[in-house]
Amino acid sequence: MNVMPYGERVLIKKDDVEKKSAGGIILQEESQELPVQGKVVGVGSFVYDINVGDIVIFGRYAGNHRIDVGDEVFHVVDTSDIKAVIR
């Protein structure tokens with residue numbers, strides 16, 4: 001992949017959205033919770049404490065900059081929107 005974020009941004013592949021409730025009911029798109037974690041697949045040149053492969057937790061509405069590469073979807077997130085890193 002040749003997409004790399006610029007500056008203090010990271011490129012994230014968000015976790016999949018649950019399309020069914022715990023009871024097995026299929027949820028409408030408006031009722032589905034937005035994912036709040038994902039895997040880092042690229043880091044900008046000014047990001048020093050987050051590495052490719054880390055799992056990060058970010059704000060619910062962060063990552064609105066969507067990039068489609070082939071059949072995969074990635075999101076560009078500012079480091080200020082990242083709340084925690086899971087290693």
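**First selection: the core**

Select Val10, Ile12, Val40, Val47, Ile50, Val56, Phe58, Ala62, Val77 and Ile82, the 10 residues of the largest nonpolar core. A nonpolar core is a set of buried Ala, Val, Leu, Ile, Met, Phe, Trp, Tyr and Cys residues joined through side-chain atoms within 4.5 Å. Two or more residues of this core come from each of strand E1 (9-14) and strand E3 (55-58).

The model is predicted: local features need pLDDT of at least 70, side-chain atom pairs count only at pLDDT 80 or more, and totals for chains, interfaces and linings use all residues. Residues are numbered from 1 along each chain as its sequence is written, and side-chain values use heavy atoms, with hydrogens and water left out.

Apart from neighbours within four places in sequence, Val10 is in contact with residues including Pro5, Val40, Val47, Ile50, His75, Val77 and Ile82. Contact means heavy atoms within 4.5 Å.

Now switch to a cartoon view. The protein has 0 helices and 6 strands; helices (H or I, at least four residues) and strands (E, at least two) are DSSP runs, numbered from the N terminus. In which order do the 6 strands lie in the sheet? The order is E4-E5-E1-E2-E3-E6, in an open sheet with antiparallel pairing. Two strands pair if DSSP finds at least two bridges between them.

Select strand E4 (65-69) and strand E6 (82-86): these stand at the edges, each with a single partner strand, so one side of each has no neighbour in the sheet.

Select Glu72, which lies in strand E5 (residues 72-78). E4 and E5 pair in the antiparallel sense over 5 bridges, and Val69 stands opposite Glu72. Beyond residues up to four places away in sequence, Glu72 touches Lys13 and Ile67. Lys13 is 59 residues from Glu72 along the chain, yet their C-alpha atoms are separated by 8.4 Å. Glu72 is partly exposed, with a relative accessible area of 36%; buried means under 20% relative accessible area, exposed over 50%, and partly exposed in between (1.4 Å probe, protein chains only).

**Last view: the whole protein**

Finally, select everything. Of the 87 residues, 29% count as buried. Among contacts with a separation of 6 or more, 60% join residues 24 or more positions apart.
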